[in-house]
Amino acid sequence: MAIIKDIYALLTGMWITWKHIFRRPVTIQYPEEKRQPYPRYRARIVLTRDPDGGERCVACQLCSAACPVDCISMQSAEGEGGRRYAEWFRINFARCIFCGLCAEACPTLAIQMTPDFEICKRDIMDLLYEKEDLLIDGCGKSPDYNFYRHTGIGVTQPRGNGAGENRPVDVRSLMP
Amino acid sequence: MIYDPIDIALTLAKIALVFFVILTMAAYMVFAERKVLAWVQDRKGPNRVGPFGLLQPLADLIKLLTKEDFRPIGADKWLFYLAPAMAAIPAIMIFAVIPFGAPLTLFGHTVTLQVADLNVGLLLFMALSSIAVYGVALGGWASNSKYALLGSIRGLAQLISYELSMGLSLVPVVMLSRSFRLSDIVNAQSGCWFIVYQPLAFVIFLISIAAECKRIPFDLPEAEGELVAGFHTEYSGMRFGLFFVGEYINIIVLGGLAATFFLGGWHGPWLPPVVWFVGKVLAFAFLFIWVRGTLPRLRYDQLMHFGWKILTPLALVNILVTGWWMVLRG
């Protein structure tokens, strides 16, 4: 009989909501209780340093190019020995959508996402983070990585001294 | 008829008490509804104002009182201002005929815990509950807004579908108690509640009062998913508050009437009568909130189909069966 089926369906629904009345709420009372985000959570962006304390960023503009909302801008400069750095580096967190494409694009692992999601400000101009706001003292998620140790461009060490890099070959002495 | 000043004073005191208790209960019904709905949905509900959020109704009241009293262009001024009162006042007037406790003796006077023991109490309830729909219809019509108008049309369509079955479901109650007077109906149930004799009438009445107080699954006149807020779309501030509190007064009053007609009113063992009555009212209120947390909204052709083709014939058959049963029993 259809009506018995319908009444059964109604009572099933009522029983489910009755059970849920006594279930513990899933609400997190935000300012008092805070959820610990996962380490790979994508929130506030930082600029990390290499293990020797130097800036990792080489101002290659790849993050800026990858950014879908164009919130990253910088001016590149060259230090002594040809080492590149950002003269100024600016992230507009009012525009940032925390997609993480900049961190993926970064060849030197300089730009990284952190789990710190509480960056609300009263004034929107306070969300404009300059280089000194972005730069942190540590290495972030890749503690041992130093870009210049792996590349053979000969800026910080002579050519061929990079980690995992072979000595330069003297092509004239290479005999069969 | 000679009026004793003490009698008059006691009646006024009863009126003041009923007003105060009903309005406070209605305010806390809003709070209770938000809490229970939150629990049903695994949330916590309002808990910011006062301990456990208990001062939330007060905060809501302050908010509503300080809001702008807005009237849309082209609205019918007098009807627009009158409609919220027309929705709220009949709801609270119905409570005048409900006996909420056993008669007391104070200062040598017998005090019936009922504001007015009319001999046509049940008919007064039917009349006033129909008048309350005028508030919905006129409020929606006077707002000069298509959503409000659609809401009030649905309110009227709903009225003609449930009112008949509600009235018919109460006929067996009158047949059993042989009176329209609500105190007689309560006294007739001192032995056995009418829900035992009339389970079908009780179910029909329960469905009809869910439609009467415009609750899910019959909240067609306000249908917030479809009509913004239905008939009170254009209302703001305390005028909206009157519509809102009127609905919750309606829940309390109709719960009280369901208790009076089918659950023996204030009759009950061990506990004092007033506690029994309030307990039954709160049980109905909880049932309405629980149903709201569970069921979806009906379309209004479904409601009319249900009212006219199922509830009304069932109520008629129930009256016939009750009549035969009473004749056979003698």
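Analyst: In this predicted model, B:Lys44 and A:Glu33 form a salt bridge, and their closest N and O atoms are 3.9 Å apart. Since a salt bridge requires the side-chain nitrogen to lie within 4 Å of a carboxyl oxygen, the pair therefore falls inside the cut-off. The whole structure holds 17 salt bridges over all chains. This pair crosses between chains: B:Lys44 lies in the loop between α1 (5-40) and α2 (56-66) of chain B, while A:Glu33 lies in the loop between α1 (2-21) and β1 (45-47) of chain A.

The setting of the pair is the contact of the two chains. Between chain A and chain B, two salt bridges are counted. Chain A contributes 14 residues to the contact and chain B contributes 15 residues. About 1,300 Å² is buried between chain A and chain B, and carbon and sulfur atoms give 63% of that area.

Chain B also has contacts among its own helices. Helix α5 (residues 146-177) of chain B packs with helix α11 (residues 300-329) of chain B at an angle of about 10°, their axes being 9 Å apart. The two helices, α5(B) and α11(B), are therefore roughly parallel to each other. Their contact has 18 nonpolar, nine polar and one charged residues.

A second pair of helices is arranged otherwise. The axes of helix α8 (residues 199-212) of chain B and helix α9 (residues 237-262) of chain B come within 10 Å and cross at roughly 170°, so α8(B) and α9(B) are roughly antiparallel to each other. On the α8(B) side, the residues that meet α9(B) are B:Ala201, B:Phe202, B:Phe205, B:Ile209 and B:Glu212. Their partners in α9(B) include B:Asn250, B:Leu254 and B:Phe262. By class, nine residues of this contact are nonpolar, one is polar and one is charged.

Finally, helix α4 (residues 121-142) of chain B has 22 residues and spans 32 Å from its first C-alpha to its last, close to the 32 Å expected at 1.5 Å a residue. After α4(B) comes B:Asn144, which has a positive phi, near 60°.

Note on methods. Residues numbered from 1 in each chain as written. Chains lettered and ligands numbered in written order. Predicted model: local features only at pLDDT ≥ 70, side-chain atom pairs only at ≥ 80, totals over all residues. Heavy atoms only, no water. Axes fitted to C-alpha atoms, helices over the stretch in contact; angles between N-to-C directions. Helix = DSSP H or I, 4+ residues; strand = E, 2+ residues; numbered from the N terminus. Parallel < 35°, antiparallel > 145°, perpendicular 65-115°, else oblique. Contact = heavy atoms within 4.5 Å. Nonpolar A, V, L, I, M, F, W, Y, C, P; charged D, E, K, R; others polar. Expected span 1.5 Å × (residues − 1). Buried area = accessible area lost by both parts, 1.4 Å probe.
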